[in-house]
Number of protein chains: 2
Amino acid sequence: MVTRTLARNLVASRYEDIPAAVRHEAARALLNWLGCAIGSARHETVERALAAVSRFSGPPQAAVLGRGERLDILHAALVNGISSHVLDFDDTHARAIHPSAPVLPALIALAEWRHVSGAQLAHAFVLGVEAEERIGLSVFPEHYEIGWHITGTAGVFGAAAAAGKVLGLNARQMAWALGIAATQSAGLQEMFGSMCKSLHPGRAAQNGLTAALLAARDFTSSEQAIEAPRGFAHVMSTRFDPGVITEGWGERYELMSNMYKPYACGLVVHAAIDGCIELKREHAIRPSDIERIDLKVSPLVPRLTGNKDPQSGLEGKFSVYHAAAAALVHGAAGESQFSDVCVRDPQIVALRGRISVEPDAAIRKTEAYVSIAFKNGRSYSKHVPHALGTLERPMSDADLEAKFRGLTAGILPSGQIEEVIASCWNLSALEDAGALARAAVPQG
Amino acid sequence: MVTRTLARNLVASRYEDIPAAVRHEAARALLNWLGCAIGSARHETVERALAAVSRFSGPPQAAVLGRGERLDILHAALVNGISSHVLDFDDTHARAIHPSAPVLPALIALAEWRHVSGAQLAHAFVLGVEAEERIGLSVFPEHYEIGWHITGTAGVFGAAAAAGKVLGLNARQMAWALGIAATQSAGLQEMFGSMCKSLHPGRAAQNGLTAALLAARDFTSSEQAIEAPRGFAHVMSTRFDPGVITEGWGERYELMSNMYKPYACGLVVHAAIDGCIELKREHAIRPSDIERIDLKVSPLVPRLTGNKDPQSGLEGKFSVYHAAAAALVHGAAGESQFSDVCVRDPQIVALRGRISVEPDAAIRKTEAYVSIAFKNGRSYSKHVPHALGTLERPMSDADLEAKFRGLTAGILPSGQIEEVIASCWNLSALEDAGALARAAVPQG
């Protein structure tokens with residue numbers, strides 16, 4: 001029943017029913033996602049994917065964001081899905097999935113191929129997130145603990161639901177689209193650390209879009225693909241709570257549990273970075289004056305990011321020592337703080353050596369205490385109860401704009417950067433959502 | 001280790017090492033597969049898939065077999081994979097997978113796109129089958145019993161290995177290709193009875209080919225994707241015997257366990273069909289005289305084909321009741337016995353109602369006992385120890401030619417039909433394997 005009920009709910013939903021706060025969150029997620037995709041346009045992972053598949057692309061229907069190439073919508077969804085996740089800088093639901101990376105690549109490609117208004121895109125996105133999160137959470141955390149990368153395995157449902165909404169599927173076709181998505185659900189955690197991690201949301205976007213396109217042509221599937229004994233939930237998890245998929249439909253929205261990362265590394269390091277940046281802002285600290293730095297953090301922090309002597313930018317993302325030192329020197333922790341150059345900067349290497357990390361089981365993973373002792377005997381301390389970007393202390397709209405500008409500077413001209421930002425905030429009134437994709441490609 | 005070992009074995013293999021009997025079996029499999037693909041060229045499933053995706057196809061690199069359209073090689077692999085499995089008339093390994101449908105669509109498309117000799121195609125096909133069967137069998141039967149459609153889930157490895165061999169991948173790239181395949185492995189048994197069942201080998205062919213193309217551009221993956229704790233085997237099965245993947249490499253060939261179907265439905269029904277056809281031949285049975293029919297069969301038969309009241313041709317394939325009734329009325333079980341018309345024929349519907357199925361755990365899945373009791377009190381019985389098409393009672397080369405002619409008549413001119421047959425038997429000496437695809441499309 002639950003597959004059919006979800007399909008009916010998706011088809012029956014009207015944009016007028018979506019609360020203003022949820023609509024605004026859709027705009028925030030879109031801006032954040034666009035920045036990640038544009039900012040990674042020249043990443044090696046994207047270059048290799050494009051080199052492999054562009055010879056097989058169909059008509060130039062949709063843009064590779066941040067670049068000049070135009071591909072058919074299926075390939076565009078694949079490549080934009082890869083680029084938007086490759087830095088691990090995209091959004092994160094408070095409990096499970098990276099929600100935008102599998103869904104928005106399908107929608108932004110559709111919006112260039114046929115007429116889709118901003119309101120339609122926002123509506124389909126909200127519903128796609130609802131579908132993927134509810135389906136994912138119905139088998140969570142067991143499904144994840146088995147080894148599935150839930151952003152891929154559940155994300156494909158989100159792309160199918162969202163694309164199906166834009167394509168105007170009826171309830172039966174929507175159930176088929178969910179079924180075609182279910183039978184393509186894939187992605188192994190073993191891929192973490194390789195280029196395949198970002199392939200997962202790319203394929204989820206492409207496969208979910210394909211599912212909706214097939215269903216629109218009455219390509220049939222099971223209509224109980226989620227709940228049947230040999231369907232998604234029972235085959236791919238040891239736990240299934242179908243109520244999670246339908247309860248409170250239209251009353252609560254999963255998008256309201258969405259979080260955005262201010263820093264280009266794993267969430268557990270964020271509170272320590274916050275403390276360092278705040279102390280630097282408040283006291284105009286000079287790194288050469290520092291005697292020692294003490295971090296009191298969750299035991300997860302040294303376990304996941306305990307590398308004291310990282311050698312590359314990527315290793316730097318897994319070093320709380322590097323992250324804290326770079327934050328104190330630069331007052332930032334963006335992608336350039338996790339470059340090879342920054343990780344090897346002698347000033348930062350020296351400062352890393354003055355940092356001590358004390359794990360404390362009473363401290364949450366988004367909490368930290370930072371203390372800095374100076375050579376002259378003075379000291380400053382800061383308690384960060386909630387890292388910036390958590391639900392308790394979300395990034396503001398201005399924070400998200402700054403992040404977008406940081407990611408896209410040097411890729412888009414400043415006029416286009418401001419155009420994309422303005423279009424996102426104006427999403428509900430945007431007559432043609434394809435304008436977003438056009439503004440996200442360097443012109444001329 | 002086993003992913004790397006398999007990759008090295010695939011890369012090191014030379015065609016000269018493949019025994020003549022295995023090469024001949026490759027030709028038999030190719031002929032059988034081409035017949036299935038050509039014969040289903042106008043199937044509704046293929047029409048709907050083409051209607052959905054052809055607008056997104058790239059350059060006309062490869063043919064849709066049995067039709068005029070030309071698509072990019074990835075879409076051609078998808079559509080030919082669907083068509084070759086849609087009748088459930090393609091080949092079956094004695095233990096697990098439909099081996100050709102995920103592998104040959106990738107190879108025949110590559111053969112049109114770049115120069116591939118018949119020997120190269122045969123070699124890559126033998127290796128693809130080796131990879132998919134060995135990986136599949138390493139997690140079999142538990143993997144299947146969980147609910148995975150192994151033709152999709154293991155088939156993607158076969159397509160990746162075969163395409164990787166043609167593309168000349170080195171050992172590291174081949175390990176990546178297997179990893180990219182692993183993280184796309186998908187396909188649920190819940191789809192049996194819908195169009196998605198044949199989508200599985202189509203997607204496996206397309207995704208495996210994509211995996212090889214990505215790996216050729218150094219798109220990285222895990223190199224332990226099969227055996228790692230969060231890799232394919234442990235995530236997707238409760239049992240894993242890595243030795244199955246490497247033991248006896250180059251000594252035994254899985255293709256020698258390949259079987260071809262004389263009847264257009266699942267193998268588990270064949271012995272019962274054989275018994276009905278043989279009894280009808282021997283005794284000139286009139287259906288209206290029949291009081292009841294008793295089938296004693298493997299417990300798999302009612303589990304997989306227990307539909308007592310199918311409503312469509314497709315559902316008829318999953319009904320041992322329909323298959324036996326149609327075989328008794330028509331003395332055949334070809335595609336026309338699994339048409340909507342035949343499934344709704346009142347005479348056959350009436351006869352279905354007189355059939356009882358008794359599962360018996362002592363009976364193998366290719367074995368059956370058929371007993372027919374007549375209204376006049378007489379009765380006939382037949383024990384079928386091995387269905388036609390099994391390894392114990394294989395279809396001959398002439399049987400396969402006849403099956404090919406039956407499937408392709410009315411689609412290809414007779415000259416082309418004989419050209420394809422001759423080219424298959426001459427495969428090892430064929431200078432350009434792309435000629436097979438050209439002969440498989442109606443000319444003029």
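**Figure 1. Helix α17 of chain A is largely enclosed by the rest of the structure, because 10 of its 11 residues are buried.** In this predicted model, helix α17 of chain A covers residues 320–330. The buried residues of α17(A) are V320(A), Y321(A), H322(A), A323(A), A324(A), A325(A), A326(A), A327(A), L328(A) and V329(A). The helix is followed by G331(A), a residue whose phi is positive, near 65 degrees.

**Figure 2. An open sheet of 4 strands in chain B has the order β6-β5-β7-β8, with mixed pairing.** The edge strands of this sheet are β6 and β8 (379–384) of chain B, each of which pairs on one side only. From one strand to the next, the twist averages 15 degrees. Helix α17 of chain B (residues 320–330) packs on the sheet, where this helix touches β5 and β6 of chain B, and its direction makes about 125 degrees with that of β6(B).

**Figure 3. The strand pairings within the chain B sheet include both parallel and antiparallel neighbours.** Strand β5 of chain B (residues 290–297) is joined by 5 bridges to β6 of chain B (residues 355–359), and these two strands run parallel; within this pairing, K296(B) has E358(B) in β6(B) as its bridge partner. The pairing of β5(B) with β7 of chain B (residues 368–374) is antiparallel and extends over 7 bridges, with I290(B) partnered by F374(B) in β7(B). Strands β7(B) and β8(B) also pair in the antiparallel sense, over 6 bridges, and here A373(B) stands opposite S379(B) in β8(B).

**Figure 4. Helices α5 and α9 of chain A pack with their axes 7 Å apart.** The angle between α5 (residues 100–113) and α9 (residues 155–166) of chain A is about 25 degrees, which means that α5(A) is roughly parallel to α9(A). The crossing of α5(A) past α9(A) is right-handed. On the α5(A) side the contact is made by P102(A), V103(A), A106(A), L107(A) and L110(A), and on the α9(A) side by G155(A), V156(A), G158(A), A159(A), A162(A), A163(A) and V166(A). By class, the residues of this contact between α5(A) and α9(A) comprise 10 nonpolar, 2 polar and no charged.

**Figure 5. Helices α2 and α4 of chain B pack at an angle of about 95 degrees.** The axes of α2 (residues 20–39) and α4 (residues 73–85) of chain B are 7 Å apart, and the angle between them makes α2(B) roughly perpendicular to α4(B). In the contact, W33(B), C36(B) and A37(B) of α2(B) meet N80(B), S83(B) and S84(B) of α4(B). The contact of α2(B) with α4(B) has 3 nonpolar, 3 polar and no charged residues.

**Figure 6. The contact between chain A and chain B takes 48 residues from chain A and 48 residues from chain B.** On the side of chain A that touches chain B, at least two residues each are supplied by α3 (44–53), α4 (73–85), α10 (171–182), α11 (196–216) and α12 (232–236) of chain A. The largest share of this side of chain A, 7 residues, comes from α11(A). Divided by class, the side of chain A that touches chain B has 25 nonpolar, 16 polar and 7 charged residues.

**Figure 7. T151(A) is found in helix α8 of chain A, a helix made up of residues 150–153.** T151(A) counts as buried because 30 other C-beta atoms lie within 10 Å, where 20 or more are required. When residues up to four places away in sequence are not counted, T151(A) touches I97(A), H98(A), A101(A), P102(A), H200(A) and P201(A). The C-alpha atoms of T151(A) and S198(A) are separated by 9.6 Å, although these residues are 47 residues apart along the chain.

**Figure 8. L65(A) lies in the loop between β1 (62–63) and β2 (70–71) of chain A.** Leaving aside neighbours within four places in sequence, L65(A) is in contact with L34(A), A37(A), I38(A), A41(A), N80(A), S83(A), A437(A), A440(A) and V441(A). Between L65(A) and L436(A), which are 371 residues apart in sequence, the C-alpha to C-alpha distance is 9.8 Å.

Conventions
Residues numbered from 1 in each chain as written. Chains lettered and ligands numbered in written order. Predicted model: local features only at pLDDT ≥ 70, side-chain atom pairs only at ≥ 80, totals over all residues. Pairing = 2+ DSSP bridges. Buried ≥ 20, exposed ≤ 12 C-beta atoms within 10 Å, placed from the backbone. Axes fitted to C-alpha atoms, helices over the stretch in contact; angles between N-to-C directions. Parallel < 35°, antiparallel > 145°, perpendicular 65-115°, else oblique. Left-handed = near helix turned anticlockwise from the far one by under 90°. Contact = placed C-beta atoms within 7 Å. Nonpolar A, V, L, I, M, F, W, Y, C, P; charged D, E, K, R; others polar.
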